Amino acid sequence: MKKVNEGQTQVYLNSMVTPQYGVNTNAPYLNTPPPQLMSLTNEFFKSGKSPAQVIAILVGMGTPQQLAQSAVNVYMMNNPRGITISDRNPNPPGYPNPAGRIKNLNTLGAITEKNNKTMQFTLNDLYERVQESLSDLNKITSDESRVSYSANNAKTVLENALAAFPDLSISTDVLKDMTDEEINKLKEGTKSKFDIIDTKINPTLKFNIATRLFRECATYDWIDPVSDLRSYIKEMYSYNVWSFKVNEAVSVLSTRNNPLDTRLSEDFKGLLKESADSIEDNIISLSKKNPWSREAASLANQINESRKGANQGKVSVERIFSPVLVEGNSFYFHLNGQTYRMSGSKITESKVADSRFNRIIEAMGMFRKSDDTLTMYGQNEKSLEINLSEGTIKLGETNLSEAGVASVKEALMSTRFFSHRDLWMIEKVCSLIEHIDMIAEMDNFLGLSSQEFLNVFLTMISVDEGIWVNKVNSSMRINEMKFFTTVTDALNEAKSFIGYDATSYLSERLIKEGNEMAKVQERRDVLNKELTFLEEKKSTVKSAINKIGSSEELAEALSLINSEISKKEKELQSTYISEKKSKADYLNDGYIEATLKNSVQSLKKGQEVLINAEEFASLGSDDLIDVINAKTTKSYLVPKGDINVSF
């Protein structure tokens, strides 16, 4: 075969670039764009060019196609909001090491993202936003229209909200614990006056005002000033979501006359004074210290789910297609540039002499793959699409699925899909179509592709004796197939290499190995499905009550559903309380030993328990206190009067 130079390609007037063939596009030097190329790429994007246009320009300048594509990929990966690389650092630390360079660029991007996500939500800003909206509404109310009437009603809502802001008169309570600088700012009426009072008196105030405003202004959202205010509150909620959720928990806990709930409510309020960076970890910590609390466990549950989703979002699951050649009890397949032979549970690198197999691999490399479709663009602005799952073939709008290979060849030639110099490619495309039945989806493989780093892939293949893991990192020249005898080790390898939790793919195997986390995850999946079903039934019953009114049967049904939801939620929340402390841990954490005067729940009279000394001293004899079974470290709520303490 004629050797193809990596710089040869075809660029068309519409900025389209023919996918390159016959070149090792995984070569490191083609995937590590130098600083000068990144500077050019940056300038082209700043001038308003699209990714396709930038690739066409770079290729037209003599840049190898894969290198141009890599430069565009690096730019797009590190500039999701249109921030140019020159705005950050064109030569990040670690350059020219390709892995270090890309990693550092992404670190800079993560810092930008982090700064955006910690946007401060202050009482003072909220006050000014409400004032501005009120001022705009005053202008609207001058005309005699429906807008004027609605604007007046909206004004009432905003004026009531302003009345909820704290009185700025300097009282003794306000001055207490304030520094001289803070007192002077209050006297001068500076912009930070509300924020000073907010941190000193009531950290929940701004969240309560914002939540009430967002809800009560919904009716008037079609009025621009109100819409702008609600958009601001919605944005602040998205950037400070856990603070808002903590405030919601405080509101619920404050309605209960229980010392444990009161203490937890105060702990939650303390979190609202902390930075957004630490609030998630502190919520989880509070949940572990208060396993009895449904609110704390629910928040920990949500945080764990969101973190899992965030990590998984950096990796996409890819469908893997390959030509398959069966030979006796073995078969050959192609994966990430290598051909392998699989015999039983053993996988080894191999070579295949069958020309059909090799021609299919070469032809597939000429197409762009997306899910189960191979796509190639021709010089006539048409596309050739081959759906591997359905076996369909489309040339532009023409369906060639039922046409023979000769007809496909004639269509490609008559429509001038390929330029004169590329006519030889027709034979390869036709060879692929002729033997398309050899291509199979490797549906028992788990294919993963990193969305964070270029050309980083991982494939997991489950066999009877263990798990095969294929790792690819083109920049580091890694392409290896490794066998793991235990599924747990393979799972850890996937997390370490590409940052993906493959528990769901390996759940059955993990459970067989006795992996406790897999058992827990399986139970969570079941509970989540059951809760979804119950919520749907609850909505149906509520809808019936709204339409025909309440009845004894509907009320009973709603009560039963709510009871089941409560049980399922409690069980789901308990799966996230993973920290198990020993008796010594409790004794070192402010707990003391005690015994029970009477049998309570599953605890027997005289049984040894552990109690929090500070909590025991502060509660009345009729109050409930959280006790820990000294043997099992399980938690129970019992009356304080049933506890005997020897000091």
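The model is predicted, so local features need pLDDT of at least 70 and side-chain atom pairs count only at pLDDT 80 or more, while totals for chains, interfaces and linings use all residues. Residues are numbered from 1 along each chain as its sequence is written, and side-chain values use heavy atoms, with hydrogens and water left out.

**Nonpolar cores**

- In soluble globular proteins, nonpolar side chains tend to be buried together.
- A nonpolar core here is a set of buried Ala, Val, Leu, Ile, Met, Phe, Trp, Tyr and Cys residues joined through side-chain atoms within 4.5 Å; buried means under 20% relative accessible area, exposed over 50%, and partly exposed in between (1.4 Å probe, protein chains only).
- The largest nonpolar core has 44 residues, of which Leu158, Leu213 and Phe268 touch the most other members.
- Elements giving two or more residues to this core include α5 (123–140), α6 (146–163), α10 (205–216) and α15 (294–312); helices (H or I, at least four residues) and strands (E, at least two) are DSSP runs, numbered from the N terminus.
- Leaving aside residues up to four places away in sequence, the contacts of leucine 158 are Val130, Ser133, Leu134, Leu137, Leu213, Cys217 and Leu229, where contact means heavy atoms within 4.5 Å.
- A second, separate core of 32 residues includes Val352, Leu395, Phe417 and Leu432.

**An open sheet**

- Five strands form an open sheet in the order β20-β19-β18-β17-β21, with antiparallel pairing; two strands pair if DSSP finds at least two bridges between them.
- At the edges are β20 (635–639) and β21 (643–644), each of which pairs on one side only.
- Strands β18 (residues 608–612) and β19 (residues 624–629) are antiparallel partners over 3 bridges.
- Isoleucine 611 stands opposite valine 627 in β19.

**Cysteines**

- The whole structure has 0 disulfides, a disulfide being a pair of cysteine sulfur atoms within 2.5 Å.
- Cysteine 217 is buried, at 0% relative accessible area, and cysteine 430 is also buried, at 5%.

**Positive phi angles**

- Most residues other than glycine have a negative phi.
- Asparagine 336 is not a glycine, yet has a positive phi of about 50°; this asparagine lies in the loop between β4 (330–335) and β5 (338–343) and is partly exposed, with 25% relative accessible area.
- Arginine 477, also not a glycine, has a positive phi of about 60°; this arginine sits in the loop between β15 (466–473) and β16 (478–484) and is exposed, at 69% relative accessibility.
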